Amino acid sequence: MVYKFFSKAANLQHFVKVFRVTINSSFHNNLTKQMKMSSMTVFRLIFLVVFLGWLMIWVMMPTKVYKNAWTPKLNDKLNSTYFEEQGTNLLLFSFPVMFIAAFGCVYLHLQKNLRKPNSRGVLTSNRRLSFLRRPALVMAPLGIVTALELAFAAMFIALLIWSLANYLYVSFGHLHMHKQGEKVWQAKFRSVSLRLGYIGNICWAFLFFPVTRGSSILPLVGLTSESSIKFHIWLGHLSMILFAAHTVGFIIYWAITNQMVLMLEWSKTYVSNVAGEIAIVLALAMWVTSSYRIRRKMFEVFFYTHQLYILYVVFYVLHVGAAYFCMILPGIFLFVIDRYLRFLQSQRRARLESARLLPCGSIELTFSKSPGLYYNPTSIIFLNVPSISKLQWHPFTITSNCNMEQDKLSVIVKRQGSWSQKLYQQISSSVDRLEVSVEGPYGPTSSHFLRHELLVLVSGGSGITPFISIIREIIVESTKPGCQVPRVLLVCAFKNSADLAILDLLLPVNAAPSNTPQMQLQIEAYITREGELPTEDNLKLLRTIWFKPNQLDSPINASLGNSNWLWLGAIIVSSFVMFLLILGIVTRYYIYPIDHQNNGETYHYSYYVLWDMFLLCACTFIASNAAVFLFRKKENAVERKQIQNLEVPTPTTSPGSWFQNANGELESQPHQSLVQATRVHFGARPDLKRILFDCKASDVGVLACGPRKMRHEVAKICSSGLSDNLHFESISFNW
């Protein structure tokens, strides 16, 4: 009895000890998580205050108060011998954005660590603002514009109008006659032309943010580079209109005042007219070739002409001068950092493991990736194949899921255009190895689509690509205990029955049998140009080609690894601080003595900007190379252990699951379940209005991807107001 008593007491004591450890660990984890969430809230408040202050400076800059009251005081305190006339603009316009970009990296790192499985219960707070994401404007030139995007566009236009009105009001009150005998209307005409250039400079302050793919600014406002590319297009068009009016206005002014000789002036003490003229010529070439039709039909023309942006930036900055360059410095600074990191990443060859040639003429490329690389569905990567073109980079949507396939990354390439045709020919010729460089991946920071009760995916042709990754993500989430996932209705339209083979990619080749039954998936496939399934004799086979591993190839990984945001923040801080320090030293001990010599000689106006551009590039390169060197030093040691001497399987061929189902049984249970969930409609097009209005759920997320006409039709149906449960979102895809 005594033994039993003490035995029970010992067990009870052990249980209490374990219980205490568990409670303490849980309490510690919850406390740490709460502290991180509190710090993230503080970060958001700081970012909001700094951003609003930065915008307020832009609002106040064209006013008389800023010119007459603020500017003299600011110049006295900030334009020191270390920065001269750049001091004020560096503090007011450059520092706030660089601050947000640097500490935004810390915020995004904390957010990534706090990522939870998304479910309908987690993101319910976002529904309150769902009306802002509804399409407010659907037009061919502008595309699909949400209410939130329209509000931001209206506020930006209001800022431009406000700035122009105040600039003209202030300048008309202090007109300067630049030529003896000049009339008042001529002076006003010159003033208007000059101020149009000022307004264009405001557009330039925002122009480079959308094309900075690895930016920390875009995720902070819930955008990706792909989804925000429309803002870059809008800003590009708007700035070109303003700069064209600015240029034409000055040419007319010089003509009517007999000063055409000024077109050839490169002044030592003021702006260079020649630099501005070269810049506008380069910009016009880029503008004309960036039209929608040229981008779609002659991509190479658009791509190669757009590389003139480097010269355009150089001559534009030489034209506006150092003070105005500091106003637009953050966008260019962050773009240069991102572009150089992409360059360093692209120097490594990605390890291409296999390629599947689909009956529809498309190719699925499967790469090896680092197990720690995380990306969300609908993310993209950029591919470069040097044997085809050393300059061309093409974006493709990732179809694999990093939770389902931890060491694989797949994309689909459609055979259209000269680049993809050459790629198809090289792969089909059974090459042993194909050199491929990769940039990315880039994508959203969360799987927001999981918050809906029902998810309707509408695709046309190759638009199904991003939905493959979405469906795979839902399959993964459905296997987690207690996680609710939406029901899925996939409506896909194809031209030919051969395109049905793409549906095989909804599941990876090695899909586990336990995955698919736990999600409710219904597929409605429409074949528009065929009336029935082709006979077995006419079937094209699905062919798989394996490539030999090579020690020179590396698994795909983020340019700075799993702690990518922290490394990026360190690069931004170190490069910007280095830039300021060296610029201050050069200005104080080299430029300042020349400017203040007794002989009246001044430092060349354009040389200021050349120093700025040189130091920007040099500091960026030094900081980026140092960070990448430290990161890769650790990574290379791990990679040497991962090189596997695998035997390359022989090429295999087989019909797709959809065609096997017509003639026999499927061996794969997941693919069999997928085929059974599919209804194929031959010789018909989907009635989108009927399909969407028949959706019986309180919260229906509608995602559309494919031809522009189809996306616009879906957007109009969802924004018609006839059904309050439809929440539309357009997805950009790359194929």
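Helices (H or I, at least four residues) and strands (E, at least two) are DSSP runs, numbered from the N terminus. The legends describe a predicted model, in which local features need pLDDT of at least 70 and side-chain atom pairs count only at pLDDT 80 or more, while totals for chains, interfaces and linings use all residues. Residues are numbered from 1 along each chain as its sequence is written, and side-chain values use heavy atoms, with hydrogens and water left out.

**Figure 1. Overview of the chain.** The chain holds 20 helices and 18 strands. Of its 735 residues, 50% are buried (buried means under 20% relative accessible area, exposed over 50%, partly exposed in between, with a 1.4 Å probe and protein chains only). Among contacts between residues at least 6 apart in sequence, 79% join residues at least 24 apart (contact means heavy atoms within 4.5 Å).

**Figure 2. Helix α13 and its cover.** In helix α13 (residues 418–428), the buried residues are W419, S420, L423, Y424 and I427. Seen down the axis of α13, these buried residues fall within an arc of 135 degrees, so they line one face of the helix (the arc is that of the directions from the helix axis to the C-beta atoms). Their cover includes β4 (352–357), β5 (363–368), β6 (380–384), β7 (394–397), β8 (408–413) and β13 (542–546). Just after α13, S430 takes a positive phi of about 60 degrees.

**Figure 3. Charges over rings.** R415 lies over the face of Y424, at 4.1 Å from the ring centre (a charge sits over a ring if NZ of Lys or CZ of Arg is within 6 Å of the ring centre and within 35 degrees of the ring normal). The charged end of R213 sits over the ring of F382, 3.5 Å from its centre.

**Figure 4. Aromatic pairs.** Rings of Phe, Tyr and Trp (its six-membered ring) pair if their centres lie within 6.5 Å; planes under 30 degrees apart count as stacked, over 60 as edge-to-face and the rest as tilted. By this rule the count comes to 38 aromatic pairs. The ring centres of F250 and Y253 are 6.5 Å apart and the planes stand at 80 degrees, so this pair is edge-to-face. F250 and Y253 both lie in helix α7 (residues 229–256), 3 residues apart, about one turn of the helix. Both F250 and Y253 are buried. The rings of F303 and Y304, with centres 5.3 Å apart and planes at 80 degrees, also form an edge-to-face pair. F303 counts as buried at 11% relative accessibility, whereas Y304 is partly exposed, with a relative accessible area of 36%. One aromatic cluster is formed by W204, F208, F243, Y309, Y312, Y316 and F335.

Figure 5. S354 lies in strand β4 and is buried, with a relative accessible area of 8%. Not counting residues up to four places away in sequence, S354 touches E364, L365, T366, I545, W546 and F547. In strand β9 (residues 437–442), 6 of the 6 residues are buried, so the strand is largely enclosed by the rest of the structure. Strands β6 and β9 run antiparallel and are joined by 4 bridges (two strands pair if DSSP finds at least two bridges between them). The bridge partner of I380 in β9 is Y442.
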